[in-house]
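Notebook open, model loaded. I want to go through the rings, then a loop, then the ligand.

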Amino acid sequence: MNARADFPFFTSPDAPVYLDNAATTQKPACVLDALRRFYTTTNSNVHRGAHRLSRAATEAHEAARSDVADFLGASSPREVLFTSGCTEGINLVAQTLARAGYVRAGDEVLVSTDAHHSNIVPWQMLCERVGAKVLPIPITPELQFDMSAYLSMLNERTRVVAVPVISNALGLRLPVEEITRAAHDVGALVLVDGAQSIAHEAVDVRQLGCDFFAFSGHKVYAPTGTGALWGREDLLESLPPWKGGGEMIRQVTFARTTYNCLPFKYEAGTPNICGNIMLAEALKYVRNLGLSAIHAHETALMHELCEGLQQLPGVQLLGGSAPRSSLVSIHVPDVHHYDLGTLLDQMDVAVRTGHHCCQPLMHALSITGTTRYSVALYNQSDDIQRALAATRKALRMLR
Ligand code: PMP
């Protein structure tokens, strides 16, 4: 796969070897073109106007929603709520469940130890409000999801289980389908955080079997400030709205307000119209390349990267030689991750260092952070070789 030419970012002579794709991705020309097209031909507010432009903007916006629904394998566009990103999607679920009284005093919410803060803190806020508890699901010594510990934690008090498909600090995939089945056996709901899987593996929310699936657009070649939350229609239908404002209402009087139908009930205010259209464009781009081709390309790059890193003296791959499709974190006991990242930056290699918004995981591993290399569909073997050479050199300089 050679898709780099689709990304204007890489035409700059100053473009680094970009291996920070788990944090955010570069954008293809078709997505950037969609912005210009929208603002030069269609710009208008949606839903409210009688004029032609408003109808065109509404049609484009709702067509984008259908495209997102198709990408996710949703049964209907009514199940797709546009959000500002994964974080907002998870907060939406936690807060509507709190408002609905679904989680009560004494209940338990299980969250995997390797979850991102955005899949921990909203649950803590919910639990604090109602007197429930967030319990971490442990990881095994190999840093995998501990299935037997999880199964033993499930009980009639478990109301929600929240896990990522792929952990953003370790790059390991969790057995989401099995996790979901077991949670449903005790009557708990499952929220799946797809932030790190959305650009790397095909998703079918019905096959995953979860109740909610959240992701951010900017991790999948769309702009920041975009994303979607998929939820089971019957649940979204029965839960209360969370933000109040225009669009989400059917009728407002000072005595009583009734709410709009799905999905608008959860979308107060003017949506990110152009951003949502760009999100659909990005998903179309990914779909045209094919997620299985992308997966094969990235898996080969990861194999080359992990093999190379493993040969560097003193470098530990978190999670050992477990398969990875998009990212790897390393720990070098005698070198601070920040120093390594800084030297790599000076050699024009962009990686991410730190706790990756996974402080509980770092605590469990007794480290302060890692150096994380993450690939996207536009990376090439040349990037991997340059990153490996720079890492080798940086480690020599730091010792
Ligand atoms: N979950 C995971 C696994 C992530 O990697 C991220 C982003 N680093 C998020 C959630 C939060 O995404 P955002 O900040 O785009 O809302």
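This is a predicted model: local features need pLDDT of at least 70, side-chain atom pairs count only at pLDDT 80 or more; totals for chains, interfaces and linings use all residues.

**Rings.** I started with the aromatic pairs, and the structure holds 10 of them.

Are the two partners buried or exposed? Phe145 has a relative accessible area of 10%, so I put it down as buried. Tyr150 is at 0%, so it goes down as buried too.

Next I looked at Phe213 and Phe215. Their pair is tilted, with 6.4 Å centre to centre and 50 degrees between the planes. I checked burial here as well: Phe213 is buried, and Phe215 is buried.

Then I asked myself which residues form one aromatic cluster. My list reads Phe7, Phe9, Phe10, Tyr18, Tyr221, Tyr285 and Tyr378.

**Charges over rings.** Phe10 came up again when I looked for charges. Arg4 has its charged end over the Phe10 ring, 5.5 Å from the centre of that ring. I also noted Arg159, which lies over the face of Tyr102 at 4.0 Å from the ring centre.

**A loop residue.** I moved on to Glu142. Where does Glu142 lie? I found it in the loop that runs between strand S4 (133-137) and helix H5 (147-153). I then looked for what Glu142 touches, skipping neighbours within four places in sequence, and got contacts with Leu172 and Gly319.

**Ligand.** Last stop. I listed what surrounds the ligand: Cys86, Thr87, His116, Ser118, Asn168, Asp193, Ala195, Gln196, Ser216, His218 and Lys219.

For Lys219, a polar side-chain atom lies 2.7 Å from a nitrogen atom of the ligand. For His116, I got 3.3 Å between a polar side-chain atom and a ligand nitrogen atom.

How much of the ligand's accessible area does the protein cover? On its own the ligand has 400 Å² of accessible area, and I noted that the protein covers 84% of that.

How values were computed. Residues are numbered from 1 along each chain as its sequence is written. Side-chain values use heavy atoms; hydrogens and water are left out. Rings of Phe, Tyr and Trp (its six-membered ring) pair if their centres lie within 6.5 Å; planes under 30 degrees apart count as stacked, over 60 as edge-to-face and the rest as tilted. Buried means under 20% relative accessible area, exposed over 50%, partly exposed in between (1.4 Å probe, protein chains only). A charge sits over a ring if NZ of Lys or CZ of Arg is within 6 Å of the ring centre and within 35 degrees of the ring normal. Helices (H or I, at least four residues) and strands (E, at least two) are DSSP runs, numbered from the N terminus. Contact means heavy atoms within 4.5 Å. A residue is near a molecule or strand if one of its heavy atoms lies within 4 Å of it. A polar contact is a pair of N or O atoms within 3.5 Å; within protein, one must be able to donate a hydrogen and the other to accept it, and residues adjacent in sequence count only if both atoms are side-chain atoms. Accessible areas come from the Shrake-Rupley method with a 1.4 Å probe; for residues, only the protein chains shown count as cover.
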